[in-house]
Structures are given as structure tokens and as C-alpha cells.
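Hi,

Here is the structure I said I would pass on.

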Amino acid sequence: MAKHETPMLDQLESGPWPSFVSDLKQEAEKRAKNAAGVEFQIPQDAVEDLLGVLELSYKHGRTHWKHGGIVGVFGYGGGVIGRYCDQPQMFPGVAHFHTLRINQPGGKFYTTKYLRELCDLWDFRGSGITNMHGSTGDIIFLGTTTPQLEEIFYELTHKYNQDLGGSGSNLRTPADCIGQARCEYACYDTQALCYDLTNEYQDELHRPAFPYKFKFKFDGCPNCCVASIARSDLSFIGTWKDDIKIDQAAVQAYIGGEIAPNAGAHSGRDWGKFDIQKEVINLCPTGCMAMDGKTLKINNRECTRCMHCINVMPRALHIGDERGVSILAGAKAPILDGAQMGTLIVPFIEVEPPYTKIKEEVIEPIWDWWMEEGKNRERLGELMKRQGLQKLIEVLGVDPDPRMVQEPRSNPYIFWKEDEVPGGWDRDINEFRKYHQR
Amino acid sequence: MEYEEAKQLIVEQLTKKLKTKSKFYFNDLSKILDMKPRDAKKIVNKLVEDGVLEYWSSGSTSMYGMPGTGKQAHSEGED
Ligand code: SF4
Ligand code: SF4
């Protein structure tokens, strides 16, 4: 018998999709039975009360969580988000219901043993409810009380060699794709770079001093599996400078049907015979591919590394050998100004440890600028819009590059300054009038 | 600026403003200290470590305040 009646939540279970309500009910039941004999450190019926307060919020059309709070672990200004219920008498199990963000391992690789240990810890000291994974990638622990925070932090760091992630106005937990660990498209070692920058910028991760949140994401290639181009203030996307490598015999094998296109991903239905013209060449966004008899030709100067042809024929086409990253800045998901994609600021940079150039010539100058000029709660992308791309280019000390232009007139950055113009702003009016009437 | 001097300045200024607000953005603190954000951060970190300041977070934004000042109610605009 459920502690609270939840008719509105129950309705959410009636659709064809998996429901978080069913998950919560299952967890509530599991805690009530407690077959494993866990010595719960927070109320056993926390999940029941969570269902109750959510039902009440639906009924009122308003949240019953207060806004934020002063919780954290000693020395950290992020990783813990205080949540307090505004109806603690009705729902004592969730009177405190703080969130912890756990820094996910690189590429989200972990063993089942590690996952079990985390879950056991969370059953013991928290609500047992997790979110795998939050939007920055963290493993999210939902719901515990203030006295448990230091205990959890101690166990995480001492037993499981595991740190908290970022929250609030600081560097958020850097996120990366699986990269070279499993993916042949990876143009650099995303995990190495992500790990290195996470260690390098511990202070920025744990002690908030930015105007607002700041996210790094690392994609090994333009397929953007962690969506860095749309969801990070600084997006690192693997790319190459030289030519796409072509194995002409394999191209023929795709055409002849010996190798399944897209590695067989679309084999669930009969789409007919593979047609390289229709499915690859005509879909190349820059129109830079063509068949010349039996030879596939690519005009690499025009290729934008969209990855389409490589995705369709991975055994015939391969990323080039001169590899590095493109860095884009200013993407964000909406709050103030609406969604915004990243703008290219560094077309190509090599990725070699210890990554000094990336740190000292890109990341740190951007932070200095944003920390000084950014308004409270202003993301980098908003500052870029407000002060202009030209300002960012100045901050980075790079030359404007046609590749930074999104499209004509969308982000123009050429405003000449007096010292850049021969003769400055002064002109000889008589000389001018010789050619121009009043 | 010496740490002790900075500490005094922060406590003095934040106390003065207590009537109207109890939570401050990092920018407010670096303005009080009249320092570049990176230098101000070193002092602010130490102030937190020493318990002179504490963090407040909504989850998306972080602010600073003096322990024991302001109430949770502040964020709902009731004081
Ligand atoms: S972003 Fe590219 S390199 Fe990374 S996992 Fe996806 S396809 Fe592979
Ligand atoms: S990667 Fe994209 S742009 Fe480049 S050749 Fe292939 S389909 Fe064309």
C-alpha cells in the first residue's frame, strides 16, 4: 500500500513508454522490503515522500522545492546542490533532499563492480535514486540529508578514488566521447585531454568564481557524440588537415554489395541495393565527391569533414593522418537568449600532451576575459554576442579567418581600427574632393 | 593587499549591505577588493576555507555569504 495517493502520477504510467514513476515506485517498494538488510541512513520512506511531493506539485501546478541552499562538502563550492522541501511536515522523508554530482569516468567507461559499489553506497547513505547520466555527463545521486554529505564524500574519495563533479558558477565536469579507446574516427585522444584538463583545472571545478557555468566537451571527430558543438562553452572537435584516405577496392565492395553500408546499421528493412550516387555523393553537403569511372574522387579542399561519407563507408574511407582539433566557443542550451551553437575560433591546433598551447593560448585568455567582462549569469556565448567576435579574436591574439564566418552578415567582425588603416582617420579633404563631389 | 586587510574589507562591506542582501556574486567581491578576478579568487578561497564566507548555490549559479547571515527565506524575497 503506497504511503500517498498519486492518481496524477499513476496516469503517467499508462502510456507506451517506460515511466520514471514506475521506477520510483519500484525503488520505494524495494526500500520498504529491504531484503538486503541495509541500515538506511536517511528515511526509509524517502522515495514514497518524493512521489507524494511530486503529486502535490502536479496538483498545485507549482514546485514544492525551495530555491538552492548552503550545502557542500568542506572546501568545495560545487558538486552538491542543496534541495529543501517547503512542506517538510507532510513529507519528512524529503525535507532535505540534496543532489550530489559525481564526476563520471572518462568516456563513461566503468566496470559493473564500480557501479555496484556506487549504488550500494547510495542505498546506504541516500535515496537510492540515481540519474545516469546528467546533461554534463555526471553520475547524479538524487536525495540525501546534510549530515550524510561529508560521509559520502569521504567514502567516494577514499574508497572509490572518485571525485565530485561541478555545479554552480564553476567549470562543470568535463565530458568526452569514448574516443580512441574504441572508435576509429577519433582524431585525438579525447580521454587523455579530458583527464588532463580535469586535473589541471581542479580549482575552477571545485571553487566557483566564474560569472556562470562553463563547460568543456571533447569530441574525437565531427560526429560529435557528446554534442560539444551545441552544449559546451568550449568545444573540442577532432579534425584532420590532409586528405580522406580512400581504399578504392573497398569502395567497389560497397557498390557491389559485399560490404553493408553504415556497418549494417540500416539492415532492419529492405532499402534496396546500395546506391553510392544517391546515398553518398549526392548527400555530400559541399558537393565535393564524384565517381570518375570506377574511382571515387574527393576534392578535399572543399570537404567540411561532415563525416557523412565516412559513416556510410567506414571500410573504404578513413580520416586523414594530420590530426588535431578545431575549437569552437560559446554554445549553450537556452535560458536567456535561446539555444546557440559554437562559433569556430581555432580552426586547427595539434593535440599533444602537456597541451600547453591549448591551455595558455586558448582556455586561460578566454577565462580572463570572461571573468572580467562577463556579467553575472552571462555565458561565454552571450558575452561573445554582446562584445562581438572581434573582441574575442583580439583576446586570443589570432588573426581573423574566413572559416570563423558562419555565413555572410551573421557574425561580421571587421571593424577597422585607426592604427590598422594607412594614414589613420585623417584625410586630406582637398584630395578627397578631387574624386567625390559634395 | 594583505589577507587580513582584505578580510576586514570584505566583512565590513558585506555587513554594511546586509540590510538589503545577504548573498553576493563573486564579481561583487572582486569589486570590493578592487582586484582582478584571478587574484581576488585566491583571497576568496581562503576566506571560505577560514569560514569567513560560505557558498550558496542554486545548482546553476553560485553566490557567497557570511555564515549565519540571511535566511533561506531571502531567496524567496521574504526579508
Ligand atoms: S565523436 Fe567521433 S570519435 Fe568520438 S565516439 Fe563519436 S564517432 Fe567516435
Ligand atoms: S566528409 Fe562530408 S563534406 Fe567531406 S567528402 Fe565526405 S560527405 Fe563530403
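B:Lys36 pairs with A:Glu372 in a salt bridge, with 2.9 Å between the closest N and O atoms. Keep in mind that this is a predicted model. The interface of chain A and chain B has three salt bridges by the rule used, and 15 residue pairs turn up in polar contact across it, both partners at pLDDT 80 or more.

As for the contact itself, chain A puts in 33 residues and chain B 23 residues. Together the two chains bury about 2,500 Å², and carbon and sulfur atoms account for 48% of that. On the chain A side, look at A:His67, A:Ile70 and A:Asn376: they supply 22% of the area that chain A buries against chain B, more than any other three residues.

Now the ligands. Around ligand 1 you'll find a run of cysteines, A:Cys177, A:Cys183, A:Cys221, A:Cys224 and A:Cys225, along with A:Ile178, A:Tyr185, A:Ala186, A:Asp219, A:Gly220 and A:Asn223. By class, that shell comes out as eight nonpolar, two polar and one charged.

Happy to talk it through whenever you like.

Cheers

Notes
Residues numbered from 1 in each chain as written. Chains lettered and ligands numbered in written order. Predicted model: local features only at pLDDT ≥ 70, side-chain atom pairs only at ≥ 80, totals over all residues. Heavy atoms only, no water. Contact = heavy atoms within 4.5 Å. Buried area = accessible area lost by both parts, 1.4 Å probe. Salt bridge = Lys/Arg side-chain N within 4 Å of Asp/Glu carboxyl O. Polar contact = N/O pair within 3.5 Å; in protein donor to acceptor, adjacent residues only side chain to side chain. Near = heavy atom within 4 Å. Nonpolar A, V, L, I, M, F, W, Y, C, P; charged D, E, K, R; others polar.
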